[in-house]
Amino acid sequence: MRARFFDPDGSRYGLPTYPYGWARVWDADLATRAQLRELGLRPGGQEPVAQLMWRSRRAAHSGGVRIAWLYRISRALPVREMTAARRAAVEAALRARRTCRACRTEHDYCLPTSLQGCCPPCFGGRPGCGDRGGLGRGDHRRVRRGRTTR
C-alpha cells in the first residue's frame, strides 16, 4: 500500500483518499461510477465522498497520478430505463454512422471517421459503390446530405 495515497480522514487531499484497490477494504459502501453501473445503479446527483489515487504513466499531464471518484452505494439510485423515444434516437444515430454520405448505402459496420463519413469505395475513387460511382480523393468535402455539390 502506498502511504502517499492513503488519507482516510481527508486532511491532505480534501476528500478521504485511498490507494487503488483499497477503498472497499476500508469502507464497503464505496464504489466508482463503473462499479455502480455494474450493479445497475447511478450516483443520482450525490457528490463524491472519497477518491482513489494511483500512479499511472498515462496521466503525464497531471503529474503521473490518476483519480477515480467514489460514491456511496446506499445513496445511489437505479439506472433510468431507456424510453422508446431515446431508443429510437440511438438507433437513428447508429444508422447514420453506418450510412455512406456519398452513395447513401447502409453498411453492416460503422464507417471510419478518417473517411469523412464515406465508405471505402466512395472515398478511394473506385467505381462500383451504389449508383453514383466513386469520388476522388478530396471530393468527400463536397458531399452534403447524400448529394455531391460541384
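Me: Which residue in strand 4 is the bridge partner of Thr-17?

Reply: In strand 4, Thr-17 is bridged to Gln-51. Keep in mind that this is a predicted model, where local features need pLDDT of at least 70, side-chain atom pairs count only at pLDDT 80 or more, and totals for chains, interfaces and linings use all residues. Numbering starts from 1 along each chain as its sequence is written, and side-chain values use heavy atoms, with hydrogens and water left out.

Me: How many helices and strands does the chain have?

Reply: Helices (H or I, at least four residues) and strands (E, at least two) are DSSP runs, numbered from the N terminus. Here you get 4 helices and 8 strands. Walk along from the N terminus and the order reads β-α-β-α-β-β-β-β-α-α-β-β.

Me: In what order do the 4 strands of the open sheet lie?

Reply: Strands pair if DSSP finds at least two bridges between them. In this open sheet the order is 1-4-5-2, with mixed pairing. Strand 1 (17–19) and strand 2 sit at the edges, each pairing on one side only.

Me: Which way do the neighbours run, parallel or antiparallel,,?

Reply: Take them one pair at a time. Strand 1 and strand 4 are parallel, joined by 3 bridges. Strand 4 (residues 50–55) is antiparallel to strand 5, over 6 bridges. Strand 5 (residues 65–72) also runs antiparallel to strand 2 (residues 30–31), with 2 bridges.

Me: Which residues stand opposite each other there,?

Reply: Ala-31 faces Tyr-71 in strand 5.

Me: Which residues make up the largest nonpolar core?

Reply: A core is a set of buried Ala, Val, Leu, Ile, Met, Phe, Trp, Tyr and Cys residues joined through side-chain atoms within 4.5 Å. The largest one has 9 residues: Cys-100, Ala-102, Cys-103, Leu-111, Leu-115, Cys-118, Cys-119, Cys-122 and Phe-123. There's a second, separate core of 8 residues, including Tyr-18, Val-49, Leu-52 and Ala-68. Across the 150 residues of the chain, 31% are buried.

Me: Why does Trp-26 count as partly exposed?

Reply: Buried means under 20% relative accessible area, exposed over 50%, and partly exposed in between (1.4 Å probe, protein chains only). Trp-26 comes out as partly exposed because its relative accessibility is 46%. You'll find Trp-26 in helix 1 (residues 23–26).
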